Amino acid sequence: MAVQQSVGPDPYFPANGDSRYRVHRYELAVDYRPGPNRLSGTARLNAIAGRAALAEFQLNLADFKIGRVRVDGRAPHYSHRGGRLRIRPAKPIRPGAAFTVEVHWSGNPKPVNSPWGGLGWEELTDGALVASQPVGAPSWYPCNDRPADKASYQISVTTPSAYQVVAGGRLLTRTAKASTTTWVYEQSAPTSSYLVGLSIGRYQTVLLGDPRPGGVPQHGHIPAHLLTEFSRDFARQPAMMELFEELFGPYPFGEYAVVVTEEELDVPVESQGLSLFGANHVDGARGSERLVAHELAHQWFGNSVSIADWRHIWLNEGFAKYAEWLWSERSGGRSAQQLASAAHQKLAALPQDLRLADPGRKLMFDDRLYERGGLTVHAVRCALGDEAFFRMLRGWATVHRGGAVTTAGFTAHAGRYADGPLDALFRAWLQEPALPPLPSPRGSGVPARPPYPPTNAGSA
């Protein structure tokens, strides 16, 4: 596993995260009551100091009441203002030393403000969900909120027994006591704080497909009245999993779950081992099938292979967009070249002011970044040819599994599979705002007989 972390604060979110230490495990135990929207919790963080002594450090946590803070069992000095919990241990932590932090907090969780509206914990009509990308994790738990700081998680959630709790990872135990049930999940793979997903609601659970020996368990958690539509809309997800494992390498986690909420969501949201969809994404006609592929692909690109900081967001969204096109191509829909042509035509009519490799905070979730990111991946495919391109793609997901990466790391990786320099290609697509010409394919492309039935949702 190769990890390339940014040294200083994230330039897009300098108030989030602390690069002077890293967390390798979180143990979260929270109690949530949906009626009054009341959350109380205890977090235990196992961390390691960086190269310098830690006289003080910070966690990110929204506006909760702090009950207690301990560092290695001792009470530190601390302050909590503006979403930052600043902690000064009784004595400085030595360089490279392991230490533990314990925080007790309580209050009414709500989304944190961002340029894109509220992010993180969202109270629903009947339950709650967490959708944190990019900076919403502190809306419900104390964390070192930077994407490169990846840790394992154990999450224990106690809530009234009428509700089901779904989190990314393996369900270890479910224990009922009187009127409440405690759900304990373990996510052993390194996980970025914004990718800790959680949903609390009234769901029916179904198995997606019949996992072959050694296959990936896939479950859906949906409102009972949407079961018929869901069964059609997500019927081909197991085939997507099979294709993506073929193209990208083994699925990087132990299981995969999708949740459909009763309410509408603007867009689906990926988290580690779990994706959240709104009721509006279920129509019984596979109208959102490309989004099913997109969120699944994020498990490799974005979740397992994470970005060192938010300047490199195209590495998440460009590869997930291209996975949509690969699914369409391999399932009998429009080819990646046809979809690239449609995306190129769309972008050509829009302003040419986006620099893909560093779009700035204002444009990091612009629709153009997704489309141009997919086109950039397609341009690399056209330059390498299919055989080298798919070896490159699988190698990228394999070498950096569980790690954090940068744009420079990707361009160097892709260059190792090319016959000649790719500098001009990457300069045009990544560094220059002007849209380059549509690349021409090289190689055979689509198999003669698609292994999956045709799709009717191959939109760009």
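Two strands are said to pair if DSSP finds at least two bridges between them. Strands (E, at least two residues) and helices (H or I, at least four residues) are DSSP runs, numbered from the N terminus.

This report describes a predicted model, in which local features need pLDDT of at least 70, side-chain atom pairs count only at pLDDT 80 or more, and totals for chains, interfaces and linings use all residues. Residues are numbered from 1 along each chain as its sequence is written, and side-chain values use heavy atoms, with hydrogens and water left out.

**Strand pairing**

Strand β2 (residues 38-49) takes part in two of the pairings described here.

| Strand pair | Bridges | Bridge partners |
|---|---|---|
| β1 (residues 21-33) and β2 (residues 38-49) | 12 bridges | R25 and N46 |
| β2 and β7 (residues 98-107) | 10 bridges | N46 and T100 |

β1 and β2 form a hairpin with four residues between them, and N37 in the turn has a positive phi of about 50°. N46 of β2 is the bridge partner of R25 and also of T100 in β7.

β18 and β19 belong to an open sheet of five strands with mixed pairing, in the order β15-β16-β17-β19-β18. At its edges stand β15 (204-207) and β18 (269-271); each has a single partner strand, so one side of each is left without a neighbour in the sheet. On average, neighbouring strands of this sheet are turned by 20° against each other, direction ignored.

**Annotated spans**

The UniProt record, an unreviewed entry, places "domain: Aminopeptidase N-like N-terminal" at residues 133-195. That span is 0% helix and 54% strand, and its end C-alpha atoms lie 7 Å apart. The record also lists residues 239-429 as "domain: Peptidase M1 membrane alanine aminopeptidase" (unreviewed entry). Here the span is 51% helix and 8% strand, with end C-alpha atoms 32 Å apart. UniProt annotations may be inferred rather than shown by experiment.

**A helix pair**

Helix α5 (residues 336-348) and helix α6 (residues 367-384) pack at an angle of about 135°, with their axes 10 Å apart. Axes are lines fitted to C-alpha atoms over the stretch in contact, and angles run from 0 to 180 degrees between N-to-C directions.

In contact (heavy atoms within 4.5 Å), α5 residues including A336 and H344 meet α6 residues including R368 and H378.
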